[in-house]
Amino acid sequence: MTNKVLHSEKYLQLKACMRENGTKWVYAHRPNAKDIAVVVPIVKKEDGEYVLFLITKRPPIYSENRAKYCLELPAGLVGDINKDEETSDAIKRELEEESGYCADEIKICSRNISSSAGLTSETSTVALAYIDGSKECKKHTDDDGGVICERKLVKKESIFDFIKDFELQGNAIGAQTLSGLFYYFFGK
């Protein structure tokens, strides 16, 4: 299959390829990322385990009137700044940048997860990050575009109700978030 770039921006391309049956397929591609690192921050406190969620405001979701906010996990591009960056290093970097926590232990659960195989060539690696909740290793950074609106620690037993309430308020739930939670609840 040959690919043709239809439009290119710094972090995203629109490409077309010919399918085996001879028809054209158009899709999104990230030209400068070899993977996406998705982290489930599991914060252990005296009263139990919590997961740290990000409440984000993503232009594609709100500009199309799908939702004002999206529930996500810390995540980011692998190799966008340093082409030699390994996924395991990006997992640690994204966790620290977006949560302020450093992991005591990281467990990679799955690689090559597609968020929307008909739309994008992008795949993700999902990891669980176990964190001693009594300490933050550094101050989290806010992205320069105002995407991250809030960080929310949710106790393990309340996660399903929290997600349902968030959705009932008209918000979106990131597919990578649900994928990460699958491994948190069922993949240990």
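**Overall fold: the radius of gyration agrees with that of a compact globule.** For 188 residues, such a globule would come in near 16 Å, and the protein chain has 17 Å (taken over C-alpha atoms, with the globule rule being 2.2 Å times the number of residues to the power 0.38). This is a predicted model, where local features need pLDDT of at least 70, side-chain atom pairs count only at pLDDT 80 or more, and totals for chains, interfaces and linings use all residues. Residues are numbered from 1 along each chain as its sequence is written, and side-chain values use heavy atoms, with hydrogens and water left out.

**Close-up 1: Arg30 and Glu122 form a salt bridge.** Here N and O sit 2.4 Å apart (a salt bridge is a side-chain nitrogen of Lys or Arg within 4 Å of a carboxyl oxygen of Asp or Glu). The pair ties together distant parts of the chain, 92 residues apart. Arg30 is partly exposed at 28% relative accessible area, while Glu122 is buried at 17% (buried is under 20%, exposed over 50%, partly exposed in between, with a 1.4 Å probe and protein chains only).

**Close-up 2: Glu85, Arg93, Glu94 and Glu97 join up in a salt-bridge network.** Within it, the closest N and O atoms of Arg93 and Glu94 are 2.7 Å apart. Glu94 is buried, at 5% relative accessibility, whereas Arg93 is partly exposed at 23%.

**Close-up 3: Lys164 and Glu167 pair up within helix 3.** Their salt bridge spans 3.6 Å, N to O, and the two residues are three apart, about one turn of the helix. Glu167 is partly exposed at 40%, and so is Lys164 at 43%.

Definitions and conventions. Helix = DSSP H or I, 4+ residues; strand = E, 2+ residues; numbered from the N terminus.
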